[in-house]
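Good morning, and thank you for coming. Please take a moment to look at the sequence and the structure.

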Amino acid sequence: MKRNSIIHKIFKDICPPFIRDNEKLMCFLARATSNKNVINFIKNFRKELPYKSENELQYYYEKLFNYQLQTKNDLNVGADCINFILKYSKNHKKYQSYLDCACGGGELSFKLAELGLNVTGMDFIINDDLKISKKAVFIEGNILNIPFNDNYFDVVISGHTLEHIINIQKAISELRRVTKYTLIIIVPCQREYRYTFDLHVHFFPYPESFHRIMQNPNGKCFMLDNDIIYIEEKLI
């Protein structure tokens with residue numbers, strides 16, 4: 001089992017709530033594993049969340065994004081999920097245009113582009129080196145207002161994104177709108193606690209938890225490592 005998976009399992013399945021909800025202990029762990037500048041975010045995020053708008057919430061994520069740049073830590077979908085998506089794309093060669101929504105450092109976008117696919121990576125902040133990439137197109141954009149026409153992409157992928165969005169149904173509606181054939185969404189499988197390192201708004205402890213959010217009984221939802229994968233095929 002990968003090191004990150006072991007740590008995730010300890011926090012998700014073994015640590016009891018009285019530890020996860022203990023401010024002093026979680027701040028101690030944050031100091032040991034995170035930049036000191038994000039400690040206050042961890043302490044105050046959930047307390048302040050009910051009073052935050054989507055725009056105000058973005059401030060938190062911009063700070064977290066800058067921290068990831070400093071540590072070169074791209075917190076996006078894991079290797080197992082990437083391999084699943086690559087296998088899917090190889091098995092569905094008729095699909096040529098892909099949107100990687102919340103592409104992070106572009107790892108998945110580049111791997112899809114290496115298969116000869118037309119790939120657009122979108123995130124609310126795009127690194128300068130990605131903007132000049134010749135392998136895939138990278139743009140800045142908001143998942144609540146994706147800047148493309150209806151049915152624009154054959155396949156739309158959103159990895160580790162929806163758990164951060166207050167208006168999650170609006171985001172889902174936008175993802176569906178720009179999808180022509182297949183929508184693939186990946187969210188972390190997590191329970192809700194008072195203090196979290198990843199500043200999530202929504203929590204999905206089981207595949208069924210996320211399946212209800214999608215409100216489509218024809219969609220497929222299952223576990224892969226520590227993530228929940230949802231696949232929705234459009235009938236056109």
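I shall describe the chain as a whole and then turn to its sheet.

This is a predicted model, in which local features need pLDDT of at least 70 and side-chain atom pairs count only at pLDDT 80 or more, while totals for chains, interfaces and linings use all residues. Residues are numbered from 1 along each chain as its sequence is written, and side-chain values use heavy atoms, with hydrogens and water left out.

The chain holds 10 helices and 7 strands; these are DSSP runs numbered from the N terminus, helices being H or I of at least four residues and strands E of at least two. Of its 236 residues, 47% are buried, that is, under 20% relative accessible area with a 1.4 Å probe, protein chains only.

Let us turn to the sheet. It is open, has 7 strands in the order β3-β2-β1-β4-β5-β7-β6, and its pairing is mixed; two strands pair if DSSP finds at least two bridges between them. Because β3 (137-140) and β6 (220-224) each have a single partner strand at the edges, one side of each lacks a neighbour in the sheet. On average, neighbouring strands are turned by 20° against each other, direction ignored; the axes are lines fitted to C-alpha atoms, for helices over the stretch in contact, and angles run from 0 to 180 degrees between N-to-C directions.

Which strand does β4 pair with in the parallel sense over 6 bridges? The partner of β4 (residues 153-159) is β5 (residues 179-188), where Thr-182 is the bridge partner of Val-155. Helix α10 (residues 207-214) packs on the sheet and touches β5, β6 and β7 (227-233), contact meaning heavy atoms within 4.5 Å. The direction of α10 makes about 35° with that of β7.

Methods. Buried < 20%, exposed > 50% of the residue type's maximum accessible area, 1.4 Å probe, protein only.
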